[in-house]
Each structure stands twice: as structure tokens, then as C-alpha cells.
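Here is a short note for a first look. Please keep the structure open while reading.

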Amino acid sequence: KLMDSRDRKSYNIATMPDGKIWMTEDLATRPGWYDDTYIDSFYTWSQAMALPSACDDSVCTVDTTAKIQGVCPKDWHLPSNKEWQTLVDSAGITHLKSATAWISSSYGIVTDWNGDDLCGFNLLPRSSDCAGSGCTMAGKWWTIHQEAASQARAFRVTDDEDFPVRGKWNNLP
């Protein structure tokens, strides 16, 4: 367990096959900038990075070679694309995903994309991605990489994983 000294909440952690320790729950603290736009455990990119809100609409200087604490507890940091990819490469996405809730539906056919959570990571979907005639359960989490003035990279998991560009104003864990 990790206890966040700011609000005394405890979070599960696990050591992954690559030896790195990860939080296995979405952070749900109400940081110092808490206001009416904050949704429990969801942050805009600038909020997650602990940058001014103006960074959601402009390119802000970020050293992506450094560990960026952002909204994380002391001695923890937001993951980079490379860290997410290393995690997936070492553990396998199936062993990171929870054993429930990962489904897709297309033309009335439901497909099970569940994992086995062998690593104890318990990666859960947070929303659905819908297009055309179907929907897929998806999870998206911010990375430290911005792409343009109003866009940043997220780690997305559906039936596979990738790093799509998302609007910085989106609320993601």
C-alpha cells in the first residue's frame, strides 16, 4: 500500500515483471488547485502535470526526460509513453487487464477482451469508444507527452493498446 500524505488515502501498489513499482488504482486526491471543474480521479492534462491551466491551450515547456511528479504523491511521477510501453512489453497487456468489464459489441455480437490480471495491476476500462455499429470498453490515462498546443498523448487500452492524441482539456486519470 501507498499512503498519500496529502489526504491520507491509501492506494494499492504492485511490482511488475520489469521490477518497477506501479500504483494499481487511479489517483483520487483533490489537489491544492481543487475547484468545481475537478472530477474525482480525472484530470485535464495541465492538472495532471501540475501546470497552469493555460497549458491546455498552448505548448508549455516540459522536460520529458525528467520524472514529472505532477499531481502524484511525493516520490511518484506520471508515466511517459516509454514507461507505459515497457510495462506492457514486460507483463503483457492480458496480464495487466482486469478479468471483467473489457468487452466490445459490434452488430449485436459481444466479444470478451478481458485479461487475467496475473500481475495484480487490475487495469479497468473507464469509458466506451463507439464508432459505426459498435462500442468497445476502453481505458485512457495521461502520459507526460504533449503533441501540440491543445493535444497530448494518452495511453489507451481497448482490445489492444496505443498512444493516441487527445485534447488536453479531456478529463482522464
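Predicted model: local features only at pLDDT ≥ 70, side-chain atom pairs only at ≥ 80, totals over all residues.

1. Residues are numbered from 1 along each chain as its sequence is written, and side-chain values use heavy atoms, without hydrogens or water.

2. The largest pocket has a volume of about 850 Å³. A pocket here is an open set of points on a 1 Å grid over the protein atoms alone, where a 1.4 Å probe fits, with protein on both sides within 12 Å along at least five of seven lines; lining residues have an atom within 4 Å of a point. The volume is the space filled by probe spheres set on the points, which are joined across faces, edges and corners.

3. The lining of the largest pocket counts 37 residues. Nearest its centre lie Trp22, Met23, His77, Pro79 and Trp84. Helix 2 gives the most, with four residues. Strand 4 (21-23) and strand 8 (134-148) each supply at least two. Helices (H or I, at least four residues) and strands (E, at least two) are DSSP runs, numbered from the N terminus.

4. Asp4 lies in strand 1 (residues 2-4). Asp4 is buried because its relative accessible area is 1%, and buried means under 20% (1.4 Å probe, protein chains only).

5. Thr100 sits in the loop between helix 3 (93-96) and strand 5 (103-106). Thr100 counts as exposed, at 51% relative accessibility; exposed means over 50%.
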